Amino acid sequence: FSLCLGCLLTFVIQGQQLFIETFSGYNLTAYDLEGFTDNEGFIPIGFRVAGGFEHLQVGMEYHTDITSPEFDTNLNRTEFKHTYYGGLVRANISSLPAYRFGVILKAGAGMYQTERSSYALPDESQTGPTLEYDPTFGLNAGIGISAPIYTLLHWEIGDMYHHVYWEDQGLLGLANYRGSYHSFQLGLSFNLVFGNT
């Protein structure tokens, strides 16, 4: 017990950076479901909070859609709305991450929630209820760059790939499929420093 407590206190003492970010951007679908393989764009909004060491932080991320991807098939329009919440590991490769330009590496894992709605064309009157997929586990990873705007306020731009595989959903007889997507993101963050840098 003493050893575990000592390790925990060592981590708390050495932990000196808090990262808070809000972001948006442009996402692009990479589905492999028949009829929905076209790359459709949509806009997310989200936030990240992470804390830890100067070059490495651990935390959480949440994002959802401002606009959702839409697919026209036959006389119907189908829309998929995404929500994600999960854990995050963020690395900043820089001589002084809170104050200078750096290369950002991110990886995460968590739960993806998707809602599917269908509308009749051309008047887009809804033809059925919104179908909610059971949350499923997925992974994401990406790379980007960050630089200061003013003191601890930074801009960050990067590319993330979200790998999601939907199975055993049983909605409208859909087969198992990959519901992955690309995310090109622009964020605004505070990098708060505690203790000596």
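Visitor: Which residue meets Glu156 in a salt bridge?
Guide: Lys106 does, with an N to O distance of 2.8 Å. A salt bridge here is a side-chain nitrogen of Lys or Arg within 4 Å of a carboxyl oxygen of Asp or Glu. This is a predicted model, where local features need pLDDT of at least 70, side-chain atom pairs count only at pLDDT 80 or more, and totals for chains, interfaces and linings use all residues. Residues are numbered from 1 along each chain as its sequence is written, and side-chain values use heavy atoms, with hydrogens and water left out.

Visitor: Where do the two partners, Glu156 and Lys106, sit in the chain?
Guide: Glu156 is in strand β11 (residues 153-166) and Lys106 in strand β7 (residues 102-120), 50 residues apart, and the pair links distant parts of the chain. Strands are DSSP runs of E, at least two residues, numbered from the N terminus.

Visitor: Are Glu156 and Lys106 buried or exposed?
Guide: Both are buried. Buried means under 20% relative accessible area, exposed over 50%, and partly exposed in between, using a 1.4 Å probe and protein chains only.

Visitor: How many salt bridges does the whole structure have?
Guide: The search finds 6. One of them joins the side chains of Glu21 and Arg48 at 2.7 Å, N to O. Glu21 lies in strand β1 (residues 17-31) and Arg48 in strand β3 (residues 44-52), so this pair ties together parts that are 27 residues apart in sequence. Both Glu21 and Arg48 are buried.

Visitor: What does Arg77 pair with?
Guide: Arg77 forms a salt bridge with Asp72, and the closest N and O atoms are 2.7 Å apart. Arg77 is buried at 17% relative accessible area, while Asp72 is partly exposed at 47%.

Visitor: Changing topic. How many cavities of 30 Å³ or more are there?
Guide: There are 2. A cavity is a set of points, on a 1 Å grid over the protein atoms alone, where a 1.4 Å probe fits but cannot get out; lining residues have an atom within 4 Å of a point. The largest cavity holds about 70 Å³ of space, a volume being the space filled by probe spheres set on the points, which are joined across faces, edges and corners.

Visitor: Which residues lie nearest the centre of the largest cavity?
Guide: Lys106, Glu156, Ile157, Gly158 and Gln185, out of 15 lining residues. The largest share of the lining, 5 residues, comes from β11.

Visitor: How does the lining of the largest cavity divide by residue type?
Guide: Into 5 nonpolar, 5 polar and 5 charged. Ala, Val, Leu, Ile, Met, Phe, Trp, Tyr, Cys and Pro count as nonpolar, Asp, Glu, Lys and Arg as charged, and the others, Gly among them, as polar.

Visitor: And His154, what does its side chain reach?
Guide: The side chain of His154 reaches the backbone oxygen of Ala98 at 2.9 Å. His154 is in strand β11 and is buried, with a relative accessible area of 0%.

Visitor: Where is Ser94 found?
Guide: Ser94 is in the loop between β6 (76-93) and β7, and counts as buried at 12% relative accessibility. The side chain of Ser94 reaches the backbone oxygen of Phe101 at 2.8 Å.

Visitor: Last one: what is the phi of Thr151 near?
Guide: Near 45 degrees, a positive value in a residue other than glycine. Thr151 is in the loop between β10 and β11. Most residues other than glycine have a negative phi.

Terms used. Helices (H or I, at least four residues) and strands (E, at least two) are DSSP runs, numbered from the N terminus. On a 1 Å grid over the protein atoms alone, a cavity is a set of points where a 1.4 Å probe fits but cannot get out, and a pocket is an open set with protein on both sides within 12 Å along at least five of seven lines; lining residues have an atom within 4 Å of a point. A polar contact is a pair of N or O atoms within 3.5 Å; within protein, one must be able to donate a hydrogen and the other to accept it, and residues adjacent in sequence count only if both atoms are side-chain atoms.
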